[in-house]
Amino acid sequence: MKHLDLIINGKGGVGKSFFAVNFVQYLKDRGMAHVAIDSDNENSTLKRFHPDAQFLDLDNRRELDGVFNALEKANLVVVDCRAASTNLFLDFFAEVELGAVLSAVNASLTLIMPVNHELDSVDQVQRLADQLGKTCGYVVIRNAAHSDSFALFEASEVRGQLKNGLGGKEIAVARLQDWLVEGLNKENVTITAALKHPAFSLLDRQRLQTWQRKLYAEIESAADLLLPAK
């Protein structure tokens, strides 16, 4: 079965592109064939770190078809959805009858939804779950980049809805030290490349490797929702 991953949350700054960059690197490190798509025409973070990623211009409504065109040719497609794109994707899914299209290409869909300490990020998850229900799978990314408090998400109705009714999973992304994030951006390298890059000291390479190992273990804990069925 083919698989489509949408990394989505209408709230900006929750870590969508950060997770996308590292998830695509995970796929490369594991030798998993895939198509990566960047849809942020302002920052294009995914394409900056992974130049082989395709670009999809969400200002051109017809280009959304490219998501499913890619899925016809590949078993795994990963899309980094820009901020404020929730309505666009929900309208598109209603227009093409998402369930029917997924069935036609023999594919499953998972929404990968980063959340942080802000209520807006949780409200976006609630909206997606209410609209799409059991049509897709759900993975919530607890992104500790700006805060390690997830009290609002933990107390939310949608958390129970995802865990108990929709079979969703949660994975954690630990905070990466600011100077390491700055270094990766300055050199335009992913963590895997940084592990052999002279700009990073021995101890910083060790910090990056440890962080990456933990993230990869988290990804693998939700592999049934993130990767094509074997």
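**View 1. Arginine 82 sits in a loop of the predicted model, between strand 4 (76-80) and helix 4 (86-96).** Relative accessibility for this residue is 18%, under the 20% cut-off, so arginine 82 counts as buried. Leaving aside residues up to four places away in sequence, Arg82 touches Lys16, Ser39, Asp40, Asn41, Leu58 and Asp59.

**View 2. The largest pocket holds about 770 Å³ of space.** Its lining comprises 33 residues. Nearest the pocket centre lie Gly15, Lys16, Ser17, Phe18 and Thr45. Lys16 is also one of the residues that Arg82 touches.

**View 3. Helices contribute to the lining of the largest pocket.** Helix 1 (16-29), helix 2 (45-49) and helix 9 (178-187) each supply at least two lining residues. Helix 1 gives the most, with five.

**View 4. The largest nonpolar core has 44 residues.** Phe68 and Leu111 have the most contacts inside this core. Phe68 touches Leu4, Phe92, Phe93, Leu98, Val101 and Leu102, with residues up to four places away in sequence not counted. In soluble globular proteins, nonpolar side chains tend to be buried together.

Note on methods:
Residues are numbered from 1 along each chain as its sequence is written. This is a predicted model: local features need pLDDT of at least 70, side-chain atom pairs count only at pLDDT 80 or more; totals for chains, interfaces and linings use all residues. Side-chain values use heavy atoms; hydrogens and water are left out. A nonpolar core is a set of buried Ala, Val, Leu, Ile, Met, Phe, Trp, Tyr and Cys residues joined through side-chain atoms within 4.5 Å. Buried means under 20% relative accessible area, exposed over 50%, partly exposed in between (1.4 Å probe, protein chains only). Contact means heavy atoms within 4.5 Å. On a 1 Å grid over the protein atoms alone, a cavity is a set of points where a 1.4 Å probe fits but cannot get out, and a pocket is an open set with protein on both sides within 12 Å along at least five of seven lines; lining residues have an atom within 4 Å of a point. Grid points are joined across faces, edges and corners, and a volume is the space filled by probe spheres set on the points. Helices (H or I, at least four residues) and strands (E, at least two) are DSSP runs, numbered from the N terminus.
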